[in-house]
Amino acid sequence: MKKLAVLLFAVASFLPAAAQNATQNQIKQNTTDEQDVRAHTAAVVTQIQSLIDELAANGISGDDIKVLNATKAALTNLSGPEMDRVISSLQKAGAATDTASGQQNVVNAYAGQKGIILQFRQILKDYEQRQAAYELPVRFKELAARQTETLLTSADVARATAGKSASELTSMQQTTQQIVQADQEAIGNEVALAQEQLAKAAQGSTSDDSKTMQQAQADMKSGTLQQALQQANDALKSGQMLKAIKAQSVARDELRHIAQDLNPATNAVDALTATAATLAKLIEEQKALLDQTTAATSVKPRVTGLDEKQGAIVDETNSLQQDMQSLSAGAAATVKEAINPMQLSRAALALQWGGPETFTKAATSQEDAIAKLEDAQKQLQSQLADAKKAADDANKDPVAKLQDAQKQIQAAQQQQQQVANQTTQALNTATSTTPPDKTATNQAQQQQQQLQQQVAALQQSTQALSLDASTSLSKAADQMNQAQQDLNDPSKAAAAQAAQQAAQADLAQANQQVAQQIAQDQQQTPDPAALAAAANALQQAQNSVSAAIADAGTPPPGGTPPPGGTPPPAAATPSLAAATAALTAAAQDTQAAAAAPGLPNAAASAVQQAQASIAQGQQAAAQGDAKGTASAAAAAEQSLAQAQASVAMAQAGLAAAGPPGPPGGPPGPPGPPMPGQPGQPGTPSPDGAKDLTGGSTQKGSLHDAASSSGKFVTVASRDRAAIDQTQSEKRPQEYAPMIDQYMKNLADQSSASP
């Protein structure tokens, strides 16, 4: 998949200098450049197809093929209709350079090229975020595995050095301690780098993976992982091995948890299948150790190291049973029961003086552990079969079943609140009587037990509908069980009430998760015709705001006002009147785009921002503020380009989900523009221009375009951040000559411009 990043990078680097002085020769050159880009993009599409064919030939499918196909479709659209429109506008402008129609075609071409630039960036950004979503869980999983290895080595060192002072350690033991310390420090440094990568990938992410990245970030921000890593490092430096092992265990569990956050199972069937595979691997490891233990019975000298292997299996088993708690509590309990015979086996294998009978005893314990693991495996297989059947059933009418589950969860919330109130009253009654009357407390305890059983059953039935909600219900059932146990002991009354509050919070979370799933399932599928209409409306709005920028920057008929002069009011400024008319047309087209059914969230959010900017531009025009009008229109232009990119992605099947809005309604309107944002008055634009109507602009921007009347057309210069970035980044070797040649051509064009 890295090849795709190289291809997209190369295409983005070959975009022509869209903003040149609009002379006839330069328009022709720009037309030729645009045709070259179209041909190059088509070549990239062909290369992407070869990647797809290569993956298919090797039997690789799944998300990689999906991303490649969607990217190919998006690029095909860009190299076809999108660039055809730009080329057509440039050709028309070249045929009639010094006419109002020619000027408008130049503006249209410029607006179209800006939209194409943003769509290329959006494709590349979406790909990079998807790539990070693939790499991050693998990276954190590898870090967790390394932390486990370091933990086990630390345990070996602790056993070997127990009761010895530093001077009594052998040179090998001292070296091993230093190696463990170096490994632990390296893990801490790599975790910090992985955290930076996570923060970069999550920033501004609107893909489906944004939620998982944000959850992983939230877990890392708690500080538990960083604190454990620091404690482990400090303890190793001071020789406190047992303290280091405890901290390493916490760090390992946190790393595993973050890896799971980044790669959660999407449904119960997938989760159970993955868990069953892990359990099967664990059983094979224990059986392999059993074979080695049995063989060691008659081997001399005595075989050593088997206890360490058993210890590693114990660690894996403990981690697995923790992961299984919310998915299959019964199977998790059975797996946990296997740990005790494993520990007995480990103790027998660790004996240095035992004879063959110690291996026989260890083998018997291992057989008991295997039997427990296989019992858990049967439970999982049965549950997996039920989950597949339930998933098939749920697919028939998922929304109705989710709504039914939501009603049951809400009923459980009410019942839990009633039980909590009765518990409070019962505890007050018990403490106010002598001797304490436990009748009311026992009733509350029974009611809590009944509700716990009800929620546990609801958790199982909800698995096929919403795995997230099922997990929350499992946590609620655990808290209810804890509350019930605490009610047996009057001294734990406060703990019982705290557990009930936690159960209520888990039920509320489950209710919210089901509501989100319902909203997702009910989300209207984008209609291709509606998306096409939205794309057309957005293009018209884009053309209008580009025209408004040009009109707002056109000097009045009498020439430019003298320095310090007062600009005429809006009513006396034909250019602002034209800008107002253009913004009015843009507002109508933007409203039409916003009304398109199934508009992607990212596009809807960008359209809202564009509408707000257009309204500000209209207000500024009414007040005779040409600079404010142009700045607001430029902000609208940028938002419309983002909306165009999102719609293009949706048409290609690569729509970004966009940030989730508040439950139960669409995202709120954008806030007022903040000072310092690109496109706002007094703010440098992204490409380095001081502003859009006055001050300095980069050479080579589409400004000072001559017309028959001597008027000038001033529009925002092209945002060249992507090209600037290519000059500071390492270029793909196979495309370096082409990129260098493009940079040279761009420099030649700029130096040749008057």
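Biologist: How many salt bridges does the count come to by this rule?

Modeller: The count comes to eight salt bridges, where a salt bridge is a side-chain nitrogen of Lys or Arg within 4 Å of a carboxyl oxygen of Asp or Glu. This is a predicted model, in which local features need pLDDT of at least 70 and side-chain atom pairs count only at pLDDT 80 or more, while totals for chains, interfaces and linings use all residues. Residues are numbered from 1 along each chain as its sequence is written, and side-chain values use heavy atoms, with hydrogens and water left out.

Biologist: What makes Glu 190 and Arg 146 a salt bridge?

Modeller: Their side chains meet at 2.7 Å, N to O, and the limit is 4 Å. Glu 190 belongs to helix α5 (residues 171–202) and Arg 146 to helix α4 (residues 100–161), so the pair ties together parts 44 residues apart in sequence. Helices here are DSSP runs of H or I with at least four residues, strands are runs of E with at least two, and both are numbered from the N terminus.

Biologist: Is Arg 252 buried or exposed?

Modeller: Arg 252 has 2% relative accessibility, so it counts as buried. Buried means under 20% relative accessible area, exposed means over 50%, and partly exposed lies in between (1.4 Å probe, protein chains only). Asp 253, at 26%, therefore counts as partly exposed. Arg 252 and Asp 253 form a salt bridge, with their closest N and O atoms 2.9 Å apart. Salt bridges that share partners join Arg 252, Asp 253 and Asp 315 into one network.

Biologist: Why is α6 called roughly antiparallel to α8?

Modeller: The axes of α6 (residues 210–221) and α8 (residues 241–262) come within 8 Å and cross at roughly 160°. Axes are lines fitted to C-alpha atoms, for helices over the stretch in contact, and angles run from 0 to 180 degrees between N-to-C directions. Angles under 35 degrees count as roughly parallel, over 145 as roughly antiparallel, 65 to 115 as roughly perpendicular and the rest as oblique. The crossing angle therefore makes α6 roughly antiparallel to α8.

Biologist: Which residues of α6 and α8 meet?

Modeller: Contact means heavy atoms within 4.5 Å. Among the residues that meet are Met 213 and Ala 216 in α6, and Ile 258 and Leu 262 in α8.
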